[in-house]
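Thank you all for coming; I would like to take a few minutes to walk through one model with you. Please have a look at the sequence and the structure first.

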Amino acid sequence: MKEITFRNDVLPLKNELYRLALRITMNREEAEDIVQETLIKVWNRRNEWENIESIEAYSLTVCRNLALDAIKKMGNQVESIETIGIDSVDKSSTPYEQMMHKDRISLVRQLIDSLPEKQRSCMQLRDIEGKPYKEIATVLGITEEQVKVNIFRARQAIKQKYQEYEQYGL
């Protein structure tokens, strides 16, 4: 078993932790605070690292729990997530096509943000972070089957709502 170090094994997870916290809280400042608190909690348990099967799964679990606590404290008053990438439109397309692309990306983000927390977290970890079902189950404290069901339901809900929007407009 390899020795776990904070610099090589925990610190590189901070962007992943941030994305998870941001997806749950939908608040940049809160997500940053949660990442800091997660890193501190993981550091404070450094004497127990050799007993932890996956430091990444452990860190993600701590982060998720802190994020859930934070949204409970905030009274679940969430704002829309603003993330990088919306401006990464093919510049050779017309201004109308660029606008439509930005609108579609914005709509998909809104649809993801409207999902229940567990579906949103499963989708974030699987579709955006690329985590295996087993690790997602460990992080979220549910079975692999529940992870698959949550991801399926999330995708179906987004697909259905997106198609409704495309068919009927605003």
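I will begin with the overall picture and then go through a few places in turn.

Before that, a word on the basis: this is a predicted model, in which local features need pLDDT of at least 70 and side-chain atom pairs count only at pLDDT 80 or more, while totals for chains, interfaces and linings use all residues. Residues are numbered from 1 along each chain as its sequence is written, and side-chain values use heavy atoms, with hydrogens and water left out.

The secondary structure of the protein comes to 8 helices and 0 strands, where helices (H or I, at least four residues) and strands (E, at least two) are DSSP runs numbered from the N terminus. Of the 170 residues, 41% count as buried, and by buried I mean under 20% relative accessible area, with exposed being over 50% and partly exposed in between, for a 1.4 Å probe and protein chains only. The accessible surface comes to about 10,500 Å², of which 49% belongs to carbon and sulfur atoms; these areas come from the Shrake-Rupley method with a 1.4 Å probe, and for residues only the protein chains shown count as cover. Among contacts (heavy atoms within 4.5 Å) between residues at least 6 apart in sequence, 66% join residues at least 24 apart.

Let me turn to helix H4, residues 55–73. H4 has 19 residues and reaches 27 Å from its first C-alpha to its last, close to the 27 Å expected at 1.5 Å a residue, the expected span being 1.5 Å times one less than the number of residues. Because 14 of its 19 residues are buried, H4 is largely enclosed by the rest of the structure.

The C-alpha atoms of Ser 59 and Val 10 are separated by 7.7 Å, although the two residues are 49 apart along the chain. A polar atom of the Ser 59 side chain also lies 2.8 Å from the backbone oxygen of Ile 55.

Next, the aromatic residues. A search of the whole structure finds 3 aromatic pairs, where rings of Phe, Tyr and Trp (its six-membered ring) pair if their centres lie within 6.5 Å, and planes under 30 degrees apart count as stacked, over 60 as edge-to-face and the rest as tilted. One of them joins Phe 6 and Trp 43 edge-to-face, at 5.4 Å centre to centre and 80 degrees between the planes. Phe 6 lies in helix H1 (residues 6–10) and Trp 43 in helix H3, so this pair ties together parts that are 37 residues apart in sequence. Trp 43 also forms an edge-to-face pair with Trp 49, at 6.3 Å and 70 degrees, and ring pairs thus link Phe 6, Trp 43 and Trp 49 into a cluster. Within it, Trp 43 counts as partly exposed at 37% relative accessibility, whereas Trp 49 counts as buried at 5%.

At Tyr 133, the charged end of Arg 126 sits over the ring, 4.1 Å from its centre, and the charged end of Lys 148 sits over that ring as well, 5.2 Å from its centre; the criterion is that NZ of Lys or CZ of Arg is within 6 Å of the ring centre and within 35 degrees of the ring normal.

Finally, two loop residues. Met 26 lies in the loop between helix H2 (14–25) and helix H3 (28–44); its phi is near 55 degrees, a positive value in a residue other than glycine, and Met 26 is buried, with a relative accessible area of 5%.

Methods. Polar contact = N/O pair within 3.5 Å; in protein donor to acceptor, adjacent residues only side chain to side chain.
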